[in-house]
Amino acid sequence: ARRADDARAATTATIPYDHGLRADIDAYIRASLRQVEAIDHHLRRELADADRIVIWGAGQTTLKLLGVTMLRHRDIAAFVDTNPVLHGKRLRGAPIVGPDSLGDYPEPILVGSLISREPIARRIRELGLPNRVIFLNP
């Protein structure tokens, strides 16, 4: 019976109302939209002369950008990801390959990560690839 009383007390505990939470969430959403708009503007400029591209990264950032930026209309030759579980699968009709397969693709490589852009660019250089490398932001 004591456990039931403890559980009831825990579920009826008063949680203080956070008066700033809604404003904080709205500010986060506005900042996120500005960031996506800036990325879209940057990609329109950087990819204006590229008919096809390779995108390094098949994660959440790439998936979001494929849906809400100019990338939704771009011809993707391949996606590159270091996760071997993804290799051999397809995304938007393009194969997902490992970094060692990049030699088969002469297209510019869009680094589809904001956080890991420098390590990915370093890996591309280490592979000795001549591809133009494009980041999501300048």
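Analyst: Helices (H or I, at least four residues) and strands (E, at least two) are DSSP runs, numbered from the N terminus. By that rule the protein has four helices and six strands. Their order along the sequence is α-α-β-α-β-β-β-β-α-β. This is a predicted model: local features need pLDDT of at least 70, side-chain atom pairs count only at pLDDT 80 or more, and totals for chains, interfaces and linings use all residues. Residues are numbered from 1 along each chain as its sequence is written, and side-chain values use heavy atoms, with hydrogens and water left out.

User: Which residue pair illustrates distance in sequence and in space?

Analyst: Take R22 and P84. They are 62 residues apart in sequence and 40 Å apart in space, C-alpha to C-alpha. R22 lies in helix α2 (residues 21-46).

User: Is R22 buried or exposed?

Analyst: Buried means under 20% relative accessible area, exposed over 50%, and partly exposed in between (1.4 Å probe, protein chains only). R22 has 64% relative accessibility, so it counts as exposed. Across the 138 residues of the protein, 38% count as buried.

User: How do I read strand pairing?

Analyst: Two strands pair if DSSP finds at least two bridges between them. Start with β1 and β2: they pair in the parallel sense over five bridges. R52 has D75 in β2 as its bridge partner. Strand β2 (residues 75-80) is mostly covered, with five of its six residues buried.

User: What does β2 join through two bridges?

Analyst: Strand β4 (residues 94-97), and the two run parallel. F79 has I96 in β4 as its bridge partner, and V80 has V97.

User: Which strand runs antiparallel to β4?

Analyst: Strand β3 (residues 90-91), joined to β4 by two bridges. L91 is bridged to A94 in β4. β3 and β4 form a hairpin with two residues between them. In the turn, R92 has a positive phi of about 50°.

User: What is the handedness of the unit made by β1, α3 and β2?

Analyst: A crossover is right-handed if, with the strands pointing away from the viewer, the path from the first strand over the helix to the second runs clockwise. β1, helix α3 (residues 60-68) and β2 make a right-handed β-α-β unit.

User: Now a helix. Which residues of α4 are buried?

Analyst: First the general idea: an α-helix has 3.6 residues a turn, so residues three or four places apart point the same way. In helix α4 (residues 117-126) the buried residues are R117, I120, A121 and I124. They cover an arc of only 100° around the axis, which puts them on the same side of α4. That arc is taken from the directions from the helix axis to the C-beta atoms.

User: What do the buried residues of α4 pack against?

Analyst: They pack against β1 (52-56), β5 (109-111) and β6 (133-134). A contact means heavy atoms within 4.5 Å. After α4 comes G128, with a positive phi near 70°.
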